Amino acid sequence: MRLFLLLVVVSLICLCVQFEPLANLTYWQNELIEQGQWWRILTGNFTHTNWIHLAMNILGLWVISYLFRPNPKSLICVLLIASLSVGILNLTTSMSSYVGLSGTLHGIFAYYALCESLSGRKSSWLLVGGVLVKTGWEMTIGASQTTSELINAAVAVESHLFGVLTGLTLALIANKHQLLAIFKPPQ
């Protein structure tokens, strides 16, 4: 029930920031962040280019949550850390503006897939490999043209990469004991 409530709240936040004046106050824009509007580092992840973009990302959040069934406190922490990380790391690119939850979603997916893998669920390694291959494909070949047309914008593949790297790093930190046990020499 608490996970459902969290998903509803995040969905409603994303819905609310689609409307003016909130949309104009929340999207990620490099120039405005440099002028001191730091909240955009976080809030840019929650607004979207259009209704299709919003629906795709909200559906993605719900599907990921259904797949991994995360603890609500864990999910909100990973969501916020991944969102902040994506927003900050986007500042290192030539990107001038960004909206959408997909970078964060990549981080959430990578986090829970690696956590499951490190906890002994061998099939989850396929999920880790899949998100790495997808992100590598996007970084070298590019994103789907169909997706760009649907969201009426270029897909921010750098944000997907930043999300995956953040999620994997968080999972490694959260599971350091399992990692140490794997690399511990036999006695």
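His 160 is buried, with a relative accessible area of 4%, where buried means under 20% relative accessible area, exposed means over 50% and partly exposed lies in between (1.4 Å probe, protein chains only). The residue is found in helix 10; helices (H or I, at least four residues) and strands (E, at least two) are DSSP runs, numbered from the N terminus. This is a predicted model, in which local features need pLDDT of at least 70 and side-chain atom pairs count only at pLDDT 80 or more, while totals for chains, interfaces and linings use all residues. Residues are numbered from 1 along each chain as its sequence is written, and side-chain values use heavy atoms, with hydrogens and water left out.

- Not counting residues up to four places away in sequence, His 160 touches Ser 102, Gly 103, His 106, Lys 134, Thr 135, Glu 138 and Val 155, with contact taken as heavy atoms within 4.5 Å.
- Two of the residues that His 160 touches, Lys 134 and Glu 138, meet through their side chains in a salt bridge (2.5 Å, N to O), a term that requires a side-chain nitrogen of Lys or Arg within 4 Å of a carboxyl oxygen of Asp or Glu.
- Lys 134 and Glu 138 are separated by about one helical turn, because they stand 4 residues apart in helix 8.
- Within this pair, Lys 134 is partly exposed, with a relative accessible area of 34%, whereas Glu 138 is buried at 9%.
- The structure holds 2 salt bridges, and one of them joins the side chains of Glu 116 and Arg 121 (3.6 Å, N to O).
- Glu 116 is buried, with a relative accessible area of 18%, while Arg 121 is partly exposed, with a relative accessible area of 47%.

**Nonpolar cores**

- The largest nonpolar core has 32 residues, of which Leu 61 and Ile 108 touch the most other members; such a core is a set of buried Ala, Val, Leu, Ile, Met, Phe, Trp, Tyr and Cys residues joined through side-chain atoms within 4.5 Å.
- The elements that give two or more residues to this core are helix 1 (2–16), helix 5 (51–68), helix 6 (72–89), helix 7 (102–118), helix 8 (124–140) and helix 10 (157–174).
- Helix 7 gives the most to this core, contributing 10 residues.
- Leaving aside neighbours within four places in sequence, Ile 108 is in contact with Leu 61, Ile 64, Leu 75, Val 78 and Leu 79.

**Aromatic pairs**

- The structure holds 5 aromatic pairs, counted when the rings of Phe, Tyr and Trp (its six-membered ring) have centres within 6.5 Å, with planes under 30 degrees apart called stacked, over 60 edge-to-face and the rest tilted.
- One of them is the edge-to-face pair of Phe 4 and Trp 62, at 5.6 Å centre to centre and 80° between the planes.
- Because Phe 4 lies in helix 1 and Trp 62 in helix 5, this pair ties together parts that are 58 residues apart in sequence.
- Phe 4 counts as partly exposed, at 46% relative accessibility, and Trp 62 also counts as partly exposed, at 28%.
- The rings of Tyr 111 and Tyr 112 have centres 4.8 Å apart and planes at 85°, so the pair is edge-to-face.
- Tyr 111 counts as buried, at 11% relative accessibility, and Tyr 112 counts as buried, at 9%.
- Ring pairs link Tyr 111 and Tyr 112 with Phe 68 and Phe 109 into a cluster.

**A nonpolar surface patch**

- Leu 12, Leu 15, Phe 19 and Trp 51 form a nonpolar patch on the surface, with about 400 Å² of accessible area together.
- Patches are made of residues with over 30% relative accessible area and no salt bridge, like charges being joined within 9 Å and nonpolar side chains (Val, Leu, Ile, Met, Phe, Trp, Tyr) within 5 Å, and the accessible areas come from the Shrake-Rupley method with a 1.4 Å probe, where for residues only the protein chains shown count as cover.
- Trp 51 lies in helix 5 and counts as partly exposed, at 45% relative accessibility.

**A buried loop residue**

- Thr 47 is found in the loop between helix 4 (40–43) and helix 5, and is buried, with a relative accessible area of 3%.
- Leaving aside neighbours within four places in sequence, Thr 47 is in contact with Val 17, Gln 18, Ala 23, Thr 26, Tyr 27, Val 99 and Gly 100.
- The C-alpha atoms of Thr 47 and Leu 22 are separated by 8.9 Å, with the two residues 25 residues apart along the chain.
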